Structure formats: structure tokens, C-alpha cells
Amino acid sequence: MASLIACPHCGPRPKEEFTVKGDAAIARPAADAGEDAWYAYVYLRDNPRGRHKEYWHHTSGCRRWLVVERDTVTHVVYAVLDASAQGETA
Amino acid sequence: MSSFRLSKGGRIDRAKPLDFTFDGKPMQGFAGDTLASALLANGRQLVGRSFKYHRPRGILTAGAAEPNALVTIGEGGRTEANTRATLVELYSGLKAKSQNRWPSVDFDLGAVNSLLSPFLGAGFYYKTFMWPAAFWEKVYEPIIRKAAGLGRATYEPDPDTYEKCWTHCDLLVIGAGPAGLAAALTAGRAGARVILADEGFEPGGSLLAETAAIGEKAAAVLLEETLAELASLANVRIFSRTTVFGWYDGNVFGAVESVQKNTAAIDPNRPVERLWRLAARHAILASGAEERPLVFGGNDIPGVMMAGAMRSYLNRQAIAPGKRTVVFTNDESGYRTATDLEAAGLEVAAIVDSRVGAPSSWAGRAPVFPGAVVQDAKGGKALTGVTMIKGGALETIKADALAMSGGWSPIIHLACHRGARPVWSDAKAAFVAPQTQDGLTIAGSAAGVGALEACLADGAEKAGNVLPSLGFSSAAAAFTPAVDTATVAKPLWCVRGAKGKAFVDYQNDVHLKDLRLAVSEGYGHVELAKRYTTNGMATDQGKLSNVNAIGILAEARKVSPADVGTTTFRPFYTPLSFGALTGASKGKHFQPVRKSPLHDWARKNGAVFVETGLWYRSSWFPKAGETTWRDSVDREVLNVRKNAGICDVSTLGKIEIFGKDAAEFLNRIYCNAFLKLPVGKARYGLMLREDGMIYDDGTTSRLSENHFFMTTTTAYAAGVMNHLEFCAQALWPDLDVQFASSTDQWAQIAVAGPKSRTILQALVDEDICEVAFPFLGAKEVSLFGGKLTGRLFRISFSGELAYELAVPAGYGEAVADAIMQAGSPHGICPYGVEALGVMRIEKGHVTHSEINGTVTPADLGFAKMVSTTKPDFIGKAMLSRDGMVAQDRLSLVGVKPLDPATTFRTGSHILSEAATPSLENDQGYVTSSCFSPNLGSTIGLALVKHGPKRHGEQVTVWNDLKNEYTKAVLCSPVFFDPENEKLHG
């Protein structure tokens with residue numbers, strides 16, 4: 001129905017403006033990191049209960065990719081950072 | 001007017017009579033009536049039939065919890081079924097109909113179900129309809145479906161409009177009763193932006209029906225003064241007729257405002273309902289409390305009413321419930337009703353108080369029977385009397401109205417929408433919600449406060465407490481602290497020994513025995529009992545019944561209600577119309593329409609359009625005398641290959657890419673090399689997903705050292721843009737690269753065919769001969785002697801000598817006209833996406849029909865494009881897995897029928913020549929097919945195991961849906977001009 005994401009560039013905006021991509025706590029491996037690392041990066045996802053970092057795209061706003069840290073149970077949003085500030089080592 | 005309307009009193013405007021009809025019968029009420037009060041005033045107590053047993057039912061409540069008085073309002077497309085008469089504001093011309101009855105509510109043949117009631121108990125679906133299995137679909141389900149539900153929805157479209165809006169406030173106060181008004185006033189005086197929302201058409205809540213004084217002041221005066229002060233505060237907004245139905249993340253509340261549901265003369269320029277998203281920094285829930293019914297025999301007979309509702313009708317609308325009323329109560333509420341009835345000159349026959357030590361402060365005329373209960377109400381379509389048990393003795397009392405009160409349950413739905421669970425409080429004999437949560441405070445009787453003064457004080461105090469955290473200095477509370485003098489009664493969950501049915505859930509016809517049966521059959525868990533008996537599953541969501549049901553389950557299980565617990569509260573608090581949820585998104589506003597800048601040009605040239613996603617693309621351009629689409633498409637294809645054609649390709653995604661690292665970025669995005677693409681050149685690029693499958697394709701041109709222009713497929717334009725942004729921002733933020741979508745800024749025109757160069761040279765100022773502008777050239781060009789600048793690309797999807805010319809969108813039509821004019825002597829024709837598709841299949845060019853998410857570059861014959869020297873690109877790592885390089889992967893081939901007179905369809909499967917259809921024998925499938933006028937045959941592209949090694953093999957193309965078997969041969973996917981001679985003109 002409704003809820004708000006506090007975009008670091010645009011302020012609190014309705015979630016309908018955003019697109020969620022998924023787990024932001026995984027880093028893209030080096031090209032030669034080996035099959036296991038790549039398999040984990042492409043296919044394996046945790047589904048944590050509680051705190052979780054996700055990539056959200058402010059698709060209908062500033063078009064920045066953000067890292068939203070939120071609680072999957074209570075939906076409390078702890079932090080929203082620009083993905084570039086987060087870097088690859090999230 | 002009938003004797004049910006008292007000659008004086010109430011908040012109705014007797015100078016404003018309103019005519020309405022009920023079941024076609026003309027009736028009259030006054031401004032200030034609800035439909036329910038107007039029906040009562042007209043002596044209409046029987047207003048509906050119950051869900052299962054078709055029992056006659058009357059008006060039970062005066063609010064949102066009403067389970068019985070569900071009526072159908074309006075006609076035609078404005079028909080609204082299952083509307084609670086208690087919430088409908090009466091208006092002139094209102095047409096209401098009763099439900100679930102045939103032929104009439106007074107004489108209903110469905111009432112025969114009552115005789116079958118021994119077979120219709122809890123779980124009857126599960127027990128009765130088990131066998132024979134074949135009967136379920138043919139016999140039972142149609143009967144149940146026919147009998148199910150109450151009102152009937154209309155099939156006609158709703159002619160009215162709805163809208164959605166957002167608004168913001170410091171403090172949202174939900175409920176404009178005593179606590180809510182006090183909270184709003186306190187916060188309003190402190191300067192906070194306040195929204196006070198209330199579902200009624202008049203703010204005031206219980207104060208509207210209150211006869212007691214607060215201090216020295218009459219309740220009505222206090223209400224009037226409070227509303228006047230609130231109205232004078234610019235920072236306070238009062239939303240009447242607005243139901244807050246849900247509490248969501250980010251402290252956003254959903255609410256629906258009735259704008260024009262109180263009139264028959266609907267202004268078409270305004271919405272009838274408005275869906276609000278209220279973003280509140282804090283909210284105070286002052287939703288009040290719900291009075292609980294008492295569970296005794298015949299407690300659903302018309303004439304039985306909640307004590308508080310009876311008081312409301314009496315004091316707000318001057319309605320006499322009957323001539324002789326019995327009050328059955330276990331708390332103060334019954335006595336207040338008796339007081340007001342006697343004050344209005346009405347007879348109270350008895351006050352039956354289940355409490356042994358009933359309070360002795362009663363000073364009225366009616367006799368009080370402490371420690372007594374009403375065992376059964378008597379009557380059919382109207383109450384005639386009650387049987388009372390006192391000290392084991394049975395006594396009959398004649399009465400035509402019965403007021404009941406079983407205590408109060410705080411209305412805590414909203415407070416439990418975000419995960420909080422209600423907790424049983426022995427002290428309050430009620431389920432209460434956590435009193436403060438982040439962003440929400442509960443006040444007044446919703447918080448379990450009882451007395452009126454205490455509710456006013458509580459609302460003021462709670463608002464005062466929250467103001468500092470919102471940045472407002474806590475102004476003096478609008479009302480002074482008060483002690484809650486209300487006593488809490490021990491609940492009476494049910495009366496034993498009743499002869500008649502004792503209803504718990506009125507709307508779903510669940511009675512006492514059903515719940516006891518559920519416990520005895522092992523379904524005593526609250527969630528199981530709900531589903532076994534359907535208690536609480538009707539549109540009222542158990543507002544009246546849930547707490548009683550929990551109490552009854554607790555008694556039967558010999559535990560505390562705390563151990564039984566509640567089912568889960570979820571939005572919506574009350575039913576919401578689809579219209580409000582839909583808002584403006586219907587009809588032509590359901591989704592936007594995207595039109596190419598060349599749309600009007602295509603239309604004036606006779607295009608037939610096809611919807612592709614949001615786009616309207618020109619499909620073909622029929623000429624006089626052409627009777628089928630194939631006639632037009634065949635002509636367009638042959639003409640392009642012989643002369644020239646012009647096609648609108650503006651819908652392709654277009655992305656401008658800038659930055660000193662743009663080349664490096666593209667090198668990582670595409671699987672083929674882009675780092676050294678020369679300025680002035682275009683290149684076909686394949687973009688993979690990280691799993692190695694192809695994501696999208698298109699050409700990207702280097703317009704200057706640090707400026708690239710990418711085209712994507714029409715369908716993936718938005719997805720590719722998101723993908724590029726993700727890679728740039730999240731994966732490689734160190735790269736200097738920026739993007740701008742320019743899909744809508746450019747009109748892009750393909751000009752294809754042997755004469756295309758000659759035609760375009762007439763417009764383009766620069767020399768575009770083969771030497772000056774060879775295949776894959778890409779550059780800015782001057783047009784019409786310097787009048788316009790465009791971008792010219794020497795690229796070809798058709799396999800012909802071809803160009804794509806991009807001009808600023810606003811010039812599209814004029815430029816297309818100029819090309820048509822220049823091409824006219826050369827036989828140019830417009831062609832659409834169908835001809836485009838035929839020509840690309842003839843050339844074996846792939847689209848998303850082939851790039852279907854399961855193909856690697858090698859599967860489509862692009863193995864050599866994939867860079868082996870780049871250190872990294874999206875998809876590189878996964879591309880070398882065993883499965884991705886397996887020899888038997890489905891790979892691209894051409895397929896054509898052995899006999900050109902035969903054909904096949906896209907989606908058909910490929911079988912080895914003599915094989916029978918089976919999963920094991922499946923060799924692949926046809927991804928694209930068309931009729932090629934150049935080959936005079938159907939041709940297709942297919943993904944087939946070992947495809948490229950099987951050219952020349954005879955196969956069977958099989959379509960089980962149409963039972964078609966076509967003999968065919970696999971071949972090269974390039975059917976036409978395999979040496980690409982035409983490409984170079």
C-alpha cells in the first residue's frame with residue numbers, strides 16, 4: 001500500500017518509485033576467482049531474517065543505485081547509502 | 001412520520017426531509033440520518049436475511065461493525081453490494097435494496113435452510129461434500145456458489161471517477177471522538193500540522209450521542225466549542241467521512257475519503273472517493289471501543305440491538321427502539337441506555353444485569369434484576385419478549401426491543417497492522433495493543449480508558465507527550481487529568497441453557513454450538529476454529545464476534561483468553577471499493593501510450609498499428625486492392641529488396657554514453673571488444689548476463705572519443721539503462737561514465753534497399769558514397785543544405801544497402817516526408833515491422849525470439865565475437881562452464897518445408913524424421929517463422945540440438961496444438977544473399 005525510502009539524494013520518497021534488485025552484501029568476484037566464487041555470486045542468496053542490505057534503484061527519481069539496509073521482519077530502514085559510496089566491498 | 005421517530009430531540013434537521021426508497025418502497029428521513037436510522041424511523045427493523053440460515057435480521061449497531069444491515073445501494077454501474085446501512089449518510093434519491101432474500105425480505109423461501117440447520121453446522125462443507133467425488137464439481141459446488149455471498153456485484157462499468165493523493169502531517173489523529181478531539185486540539189494549539197480523520201459524516205464520535213455533562217458543560221456544547229476552535233486553526237485539517245484503513249511502513253497510513261457517496265447528483269468533475277496516503281510523523285489512534293454482544297438464544301431477532309447503538313439512535317436521530325425495552329447488560333452501558341430511554345419518555349421493562357453484585361446507583365423507574373440473565377429472546381421477524389432466568393426461575397417479559405451490552409473491546413486493528421500482537425488484559429477484561437509503538441500512540445477507549453472525562457484527558461495528555469519529539473513545545477493539555485471512574489465487568493461470554501440459536505458471528509451465522517463443536521472435534525486453536533466455523537471470516541472481519549468467540553473457546557478449553565490468543569489483524573479495517581484502489585488507472589488511463597515521433601507520419605501513410613509493450617508500432621501499410629496483411633507485407637518486402645523502403649525504428653532504445661572511461665565501460669558491458677572502436681564507426685554488440693546468457697543486442701557507435709551512442713532492442717530499453725547504471729554505480733564507481741536516455745529525443749528512420757543511397761544523398765549534404773561512408777559508418781551529418789543536423793548510421797537489419805537516419809524528434813515527420821518525396825521517383829515505399837521481420841528472418845538475424853534467456857553467443861553462431869583477450873566483462877566467468885559449452889546445446893539453424901506448399905508455425909517442435917513426439921525425441925523448436933516472398937516458401941529459424949552440424953537433414957516439424965506434422969529440412973539460417981553482396985550496394 002505504501003511506505004517510504006529515504007533516498008540520500010531526494011529525501012523520503014514512496015517505494016513505488018524504486019526497483020529492488022536484491023542482496024547487496026555480495027561482491028562481484030574477480031574474473032578469475034574460480035567457479036565456486038562465481039557460482040555463489042550469481043546463484044546463491046541468503047534470505048536473512050532481520051537486518052539485510054539490498055540494492056534499490058531510484059528508477060523514477062534520481063536514477064541512482066542505493067544500498068538500503070533494512071529489517072526483513074519489521075521493515076525498519078536503518079540506512080540508505082548511494083551504492084557508489086558503498087563500493088564493492090559492501 | 002411513524003411513531004418510531006420521537007417528536008423532538010436529536011441532531012437531525014427536521015426542516016430538511018429526504019426521500020429515499022427501500023426495496024422500492026418510498027420512505028422519508030431527515031438530514032442527519034444514516035440509512036439505518038431512517039429505516040428505523042420508518043419502522044423498518046427487519047432489513048436483511050442472514051448468510052446461511054436466512055434468518056430475519058435487523059439493525060444491530062450504529063457503526064462500522066454492523067454485521068446484519070447489509071444492503072445494496074444504487075443502480076446500474078453504481079450498484080454497491082454489502083454496504084453497511086449504519087455508515088450510509090442518507091441523501092435524497094437514495095435507492096437501497098435488501099439482500100439474500102427471495103422473493104422478499106419479509107417472505108424468504110431460503111429460510112427453509114433453518115430447518116436443515118442440524119446439517120449445516122461447523123465444518124459441514126468438509127463432512128457433507130466428501131463423496132461421491134464426482135458430485136463435487138457437478139452438484140455441490142454450483143449449489144454452494146449460487147447460495148454463497150450476500151449482495152450481487154454489477155457487471156456494468158462504474159461511471160464515476162476516483163483519485164489517489166498523498167499528504168503529510170506532524171500528527172495524524174485517527175478518530176474524532178472525545179480522545180481524538182482532545183489530542184487534535186492540544187497539538188493544534190501547539191502549532192503542529194494536524195490531520196484529524198473520522199469515518200463519520202459528523203466529527204464527534206460518542207459525544208454526538210452523549211447526554212451527560214462534562215463538568216458544568218453539556219457534551220453537545222463542549223463538542224461545538226471544540227470543533228469551532230479546531231476550525232479556526234489553519235494548521236488543523238479535519239477529514240470527515242474518511243476511514244483510516246491501514247498502517248504501513250514509514251508511518252504511512254492508508255485512508256479512503258468519501259467525497260460524493262452522500263448524493264444522488266454526482267458532479268462528474270469530482271471524484272466520488274479519494275484514496276489517501278497519509279505520511280505522518282506520529283499518529284494517535286483514538287478509534288474508540290466496540291461494544292460486545294451477549295450470546296443468548298435468539299440474540300439475532302430484529303429488535304435486539306447493542307445498548308450503545310440504541311443510545312446513539314435515540315440521542316442523535318431521535319429514534320425510539322420500541323415501546324417497551326428490556327436491557328440485558330453486564331456493565332454500565334446498559335444503565336446509561338436505560339437512563340436515556342426513560343428520559344425520552346420510553347418504557348424500560350427491566351434491567352437484567354448478569355452481575356451478582358450489580359451497582360446500586362440506578363435511580364430510574366425500571367426494575368433491576370441483578371444476577372439474572374436473558375436466556376432466550378422470543379419472536380420471529382420481530383421481538384415479542386424475553387425469558388429471563390433469575391435464581392433458577394424462568395420469567396417471561398414482554399418487550400419489542402432489547403438493548404444488550406457485554407462490555408467493551410478496544411478497537412486496536414490499526415495498531416496491530418505492523419506485527420504487534422494484542423495482549424489479553426485481565427484488568428480491562430479485553431485484548432489491548434501495545435500502548436506506544438514507534439510512530440503510534442493509542443489514546444482513549446482504544447487504549448482501554450472507560451469514562452468520558454478520562455478519555456478527554458487521555459487524548460490531551462498523549463498528544464502533549466508526543467509534541468516535544470516533533471519539535472513543538474508542549475502546550476497546556478486541552479483537558480485536565482481525570483480519574484477513570486469506569487468499572488470493568490467480568491465478561492459474560494455466553495448464557496447457558498439457551499433454547500434458540502445463540503449467535504456469535506452474525507454475518508457468517510456462526511452460533512455457540514458451532515464453536516463448541518470445533519473444540520470437541522479438535523479445532524479449538526483460534527486459527528483452526530476460525531476456519532472450521534468461519535467465525536470472523538465475513539466482510540466485518542469479526543469486529544463484533546472475535547472476542548466473544550475467543551472467550552467461548554477459552555471456556556470450552558478451560559483456559560484464559562490470553563492462552564487462546566487472537567487471529568491476525570490485517571488491512572483493511574473496513575472493506576474498500578475497487579474504484580478507490582484503482583484510482584485513475586482505468587480505461588485509457590490504465591497505462592500510458594507511447595507513440596513514436598513518426599506516429600502521425602505513419603498514420604497518414606495508412607499504417608496499421610500493433611501494440612508492443614506501451615508502444616504503437618506501424619505493422620504494415622496496406623494499399624488499395626490488398627485484401628490480406630500478407631499482400632501488403634509481401635509487396636513491401638519485394639519492393640525494399642528491389643527499390644527502397646522507409647521504416648520507423650524510433651522505438652529502439654537509445655542511450656547517450658559520455659565520459660573518459662566510456663570505452664572501457666562498454667568493453668566490460670559487451671562480450672565483444674569496444675575499447676578500440678574508431679570514432680565514426682558503429683559496431684554490433686552482444687550484452688550478456690552474469691550467467692553467460694545473452695541479455696540484449698544492438699549497435700553502438702562512437703561519435704567522438706568520449707561519446708558513444710547505444711541502441712537497444714525496443715523491449716529491453718529500460719532494462720538495459722538500469723543495467724548500465726547498476727554496473728557504473730555499484731560495480732565500477734571508479735569509472736568516469738554517465739548515461740542519458742535519448743529514446744524520445746530522436747526520430748530514427750531506416751532507409752533500406754538498393755536505391756537508398758541515391759535517395760538519401762538528395763537530403764544529406766556530405767558525400768555518402770561507399771568510399772566516403774562505408775558499411776558501419778556512423779557520423780553527424782548536415783541535412784537540407786545546413787538547415788538541420790542529424791546522425792547517419794550505415795547499418796542494416798534487412799541485409800540491403802541501408803542507413804538509419806536520426807533527427808531531433810520534432811523534425812521526424814518533415815524529414816520522413818522529404819525522404820518519401822526524394823524516393824518517389826525511385827519507387828520507395830513505407831514498410832512496417834512485419835516486413836522488417838520477414839527480411840531479418842531471410843537474413844538469419846536474431847531478435848528476442850531467439851535471445852530468449854537460454855542462449856549463449858555460441859548458440860546463435862556468435863562464438864567468434866566473444867573476446868578471449870579481455871580480462872573481464874559481464875558474463876565472462878560463467879561462459880566457460882561445462883553446460884554452456886556442451887555440444888548438444890540447442891543452436892541456431894534455418895528450417896524450411898520440403899514442399900513449399902506446406903507451412904509450419906512458430907513454437908512448433910523439431911523431431912527427427914521418423915521419430916514419434918516425446919520429450920526424449922524433441923530436437924528443439926521453431927523460434928521465428930514467416931512467409932518469404934523471395935523464396936516463395938515458409939521459412940523459419942529454430943534452436944536445435946547440434947543445429948549447425950545438421951544442415952540438410954530432413955526433419956518433422958510438429959505442432960501438437962493443431963495436430964500438424966510438416967516435413968522440413970534444416971539449413972543455414974541465412975536464406976537470402978548469403979554472401980552479403982547486397983549489403984554493400
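Figure 1. In UniProt, an unreviewed entry lists residues 170-316 of chain B as "domain: FAD/NAD(P)-binding". In this predicted model, that span is 24% helix and 34% strand, and its end C-alpha atoms are 33 Å apart. The unreviewed UniProt entry also gives "domain: SoxA A3" for residues 499-582 of chain B. Here the chain is 45% helix and 6% strand, with 48 Å between the end C-alpha atoms.

**Figure 2. How confident is the prediction for chain A?** Chain A has an average pLDDT of 91, and 92% of its residues score at least 70. Among the elements of chain A, strand β4 (residues 51-57) has the highest mean pLDDT, 97, while helix α2 (residues 83-86) has the lowest, 85.

**Figure 3. Inside the nonpolar cores of chain B.** Nonpolar side chains tend to be buried together in soluble globular proteins. The largest nonpolar core here has 73 residues, and those touching the most other members are B:Leu35, B:Phe296, B:Phe328, B:Leu402 and B:Met404. Helix α1 (residues 35-41) of chain B gives the most to this core, with six residues. Zoom in on B:Leu35 and you will find, among its contacts, B:Phe20, B:Val71, B:Ile73 and B:Leu94. A second, separate core of 49 residues includes B:Leu172 and B:Ala415.

**Figure 4. Where chain A meets chain B.** The contact takes 26 residues from chain A and 29 residues from chain B. Together the two chains bury about 2500 Å², with 61% of that on carbon and sulfur atoms. How many salt bridges are there between chain A and chain B? The count is three. In one of them, A:Arg63 pairs with B:Glu725 at 2.9 Å, N to O. B:Asp872 also forms a salt bridge with A:Arg28, with 2.7 Å between the closest N and O atoms. This pair joins two chains, because B:Asp872 lies in the loop between α20 (833-842) and β46 (890-897) of chain B, and A:Arg28 in the loop between β3 (19-23) and α1 (35-43) of chain A. A:Arg28 counts as buried, at 9% relative accessibility.

**Figure 5. Salt bridges within chain B.** B:Lys604 and B:Glu813 meet through their side chains in a salt bridge of 2.8 Å, N to O. They link distant parts of the chain, 209 residues apart: B:Lys604 is in helix α14 (residues 599-604) of chain B and B:Glu813 in helix α19 (residues 812-823) of chain B. B:Lys604 is partly exposed, with a relative accessible area of 49%, and B:Glu813 is partly exposed at 26%.

Key: Residues numbered from 1 in each chain as written. Chains lettered and ligands numbered in written order. Predicted model: local features only at pLDDT ≥ 70, side-chain atom pairs only at ≥ 80, totals over all residues. Heavy atoms only, no water. UniProt positions renumbered as here; feature names shortened; annotations may be inferred. Helix = DSSP H or I, 4+ residues; strand = E, 2+ residues; numbered from the N terminus. pLDDT = per-residue confidence, 0-100. Core = buried A, V, L, I, M, F, W, Y, C linked by side-chain atoms within 4.5 Å. Buried < 20%, exposed > 50% of the residue type's maximum accessible area, 1.4 Å probe, protein only. Contact = heavy atoms within 4.5 Å. Buried area = accessible area lost by both parts, 1.4 Å probe. Salt bridge = Lys/Arg side-chain N within 4 Å of Asp/Glu carboxyl O. Lists of a residue's contacts leave out its neighbours within four places in sequence.
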